[in-house]
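Reader: Could you walk me through this one? I would like to begin with the packing and then move on to other topics.

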Amino acid sequence: MTKIQKTNIDIVIPSWSKNDELFNITKKCLDSLFESEKNISFHVYIIETNKDIEWNDHYSSLEEFNHTITTLRPKLPFGYHKCLNQGRLAGISPYVVLCNNDITFENSWASKIIWVMNSHPYIM
């Protein structure tokens, strides 16, 4: 696998951090995301139902890694796919990943996927 050039990826994650346990699940997801790739800038859109949570307040050093995080509020009563669409429409990156908040990201996960898409354009 050849190294991909620096690229941007929008990451969309619905979240409802109504207690510490659920907050920590989303935080673990984000921590693993930001540690997973060195040559990709992640632009994260968290659609957070808890009005007291601003995710960008918890990640002050993202700019040095060219990552951004934006907290959005659901525009309509919660609907999983409505939230994903709201986040998807907020971004402008060439790649978009729609995620649950309870996953962890493995090292080089995105680079490997992009490499496969570039190597086999017919799958696109």
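**Helix H1 and its surroundings**

Author: This is a predicted model, and in it the buried residues of H1 pack against E1, E2, E3 and H3.

Reader: Which residues of H1 are buried?

Author: Phe23, Thr26, Cys29, Leu30, Ser32, Leu33, Phe34 and Ser36 are the buried ones in H1. Residues three or four places apart in an α-helix point the same way, because there are 3.6 residues a turn.

Reader: And how does H1 lie relative to the strands?

Author: H1, which covers residues 20–36, lies across strand E1 (7–15), E2 and E3, and it runs at about 165° to E2. From its first C-alpha to its last, this helix of 17 residues reaches 24 Å, close to the 24 Å expected at 1.5 Å a residue. At its start, a side-chain oxygen of Asn19 comes to within 3.2 Å of the backbone nitrogen of Glu21.

Reader: Changing topic, in what order do the strands of the sheet come?

Author: The order is E3-E2-E1-E4 in an open sheet of four strands, and the pairing is parallel. Strand E3 (68–72) and strand E4 (95–98) stand at the edges with a single partner strand each, so one side of each is left without a neighbour in the sheet. From one strand to the next, the twist averages 20°.

Reader: How many bridges join E2 to E3?

Author: Five bridges join strand E2, residues 40–48, to E3, and the two run parallel; as one example, His43 has Thr68 in E3 as its bridge partner.

Reader: What is Trp55 in contact with, leaving aside its neighbours within four places in sequence?

Author: Its contacts include Phe23, Thr26, Lys27 and Leu30, as well as Ile46, Glu48, Ile69 and Thr71.

Reader: One last thing, is Ile92 buried or exposed?

Author: Ile92 counts as exposed, because its relative accessibility is 82% and the cut-off for exposed is over 50%. Ile92 sits in the loop between helix H2 (80–90) and E4, and its C-alpha is separated by 7.4 Å from that of Asp10, although the two residues are 82 residues apart along the chain.

Conventions
Residues numbered from 1 in each chain as written. Predicted model: local features only at pLDDT ≥ 70, side-chain atom pairs only at ≥ 80, totals over all residues. Heavy atoms only, no water. Pairing = 2+ DSSP bridges. Axes fitted to C-alpha atoms, helices over the stretch in contact; angles between N-to-C directions. Contact = heavy atoms within 4.5 Å. Expected span 1.5 Å × (residues − 1). Buried < 20%, exposed > 50% of the residue type's maximum accessible area, 1.4 Å probe, protein only. Polar contact = N/O pair within 3.5 Å; in protein donor to acceptor, adjacent residues only side chain to side chain.
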